[in-house]
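Here is a friendly briefing to read with the model open beside you.

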Amino acid sequence: MTDKYSELFEIIIAARTDAVGVAFRELDCGCARLCGVSRQGDPVGDVYNFSGQPSTRNLEPLVCLKCYRDKRFAVERTARQGIFWTDAPDRQTGADERHTIVLAVFGDDYNE
């Protein structure tokens with residue numbers, strides 16, 4: 001997991017006891033969306049948007065120009081996607097279960 005997502009990961013995992021991981025989709029501009037994911041591959045909790053632009057002086061994140069022009073989160077510009085898994089003993093998942101969850105979240109065309 002990258003340091004830039006670690007704080008959001010901790011927030012999501014702490015808020016949702018049914019989350020076994022945090023799914024993310026990062027665009028080519030650096031913007032990303034993160035959400036907790038259950039053992040069934042369902043989204044749990046809030047969806048968090050992460051700006052690929054650095055914060056301003058007053059610590060407000062900027063809106064990325066590419067995303068502003070798209071007027072939406074353009075999944076066709078996905079550069080990376082995956083799931084950060086929690087290592088909490090009561091939430092651990094095996095390889096087969098992880099594969100099933102990943103397919104439920106991202107579909108059959110998912111590439112690691």
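Leaving out residues up to four places away in sequence, Phe73 touches Arg25, Leu27, Cys31, Ala32 and Arg33, where contact means heavy atoms within 4.5 Å. The model is a predicted one, in which local features need pLDDT of at least 70 and side-chain atom pairs count only at pLDDT 80 or more, while totals for chains, interfaces and linings use all residues. Residues are numbered from 1 along each chain as its sequence is written, and side-chain values use heavy atoms, with hydrogens and water left out.

**Phe73 in its loop**

- Phe73 sits in the loop between helix H2 (65-70) and S4; helices (H or I, at least four residues) and strands (E, at least two) are DSSP runs, numbered from the N terminus.
- With a relative accessible area of 15%, Phe73 is buried (buried means under 20% relative accessible area, exposed over 50%, partly exposed in between, with a 1.4 Å probe and protein chains only).
- Phe73 and its contact Arg25 lie 48 residues apart in sequence and 9.9 Å apart in space, C-alpha to C-alpha.

**Overall layout**

- The protein has 3 helices and 4 strands, arranged α-β-β-β-α-β-α from the N terminus on.
- Of its 112 residues, 36% count as buried.
- Among contacts with a separation of 6 or more, 54% are between residues 24 or more positions apart.

**The sheet**

- Four strands form an open sheet in the order S3-S2-S1-S4, with antiparallel pairing; two strands pair if DSSP finds at least two bridges between them.
- S3 and strand S4 (78-85) are at the edges with a single partner strand each, so one side of each has no neighbour in the sheet.
- On average, neighbouring strands of this sheet are turned by 15° against each other, direction ignored (axes are lines fitted to C-alpha atoms, for helices over the stretch in contact, and angles run from 0 to 180 degrees between N-to-C directions).
- H3 packs on the sheet and touches S1, S2 and S4, its direction making about 140° with that of S4.

- S1 and S2 pair in the antiparallel sense over 6 bridges; Val22 stands opposite Gly36, and Arg25 opposite Arg33.
- The hairpin of S1 and S2 has 4 residues between the strands, and Gly30 takes a positive phi near 100° there.
- S2 and S3 run antiparallel and are joined by 6 bridges, with Val37 opposite Pro43 in S3.
- Between S2 and S3 the hairpin has 5 residues, and Gly41 in the turn has a positive phi of about 85°.
- S2 is mostly covered, as 5 of its 6 residues are buried.

**The second largest pocket**

- The second largest pocket has a volume of about 260 Å³. On a 1 Å grid over the protein atoms alone, a pocket is an open set of points where a 1.4 Å probe fits, with protein on both sides within 12 Å along at least five of seven lines, and lining residues have an atom within 4 Å of a point.
- Of the 17 residues that line this pocket, Ala23, Arg25, Arg33, Cys35 and Val105 are the closest to its centre.
- At least two lining residues come from each of strand S1 (21-27), strand S2 (32-37), strand S3 (43-50) and helix H3 (95-106), and S2 supplies the largest share, 5 residues.
- The lining divides into 12 nonpolar, 2 polar and 3 charged residues (Ala, Val, Leu, Ile, Met, Phe, Trp, Tyr, Cys and Pro count as nonpolar, Asp, Glu, Lys and Arg as charged, and the others, Gly among them, as polar).

Technical notes: Points joined across faces, edges and corners; volume = space filled by probe spheres on them.
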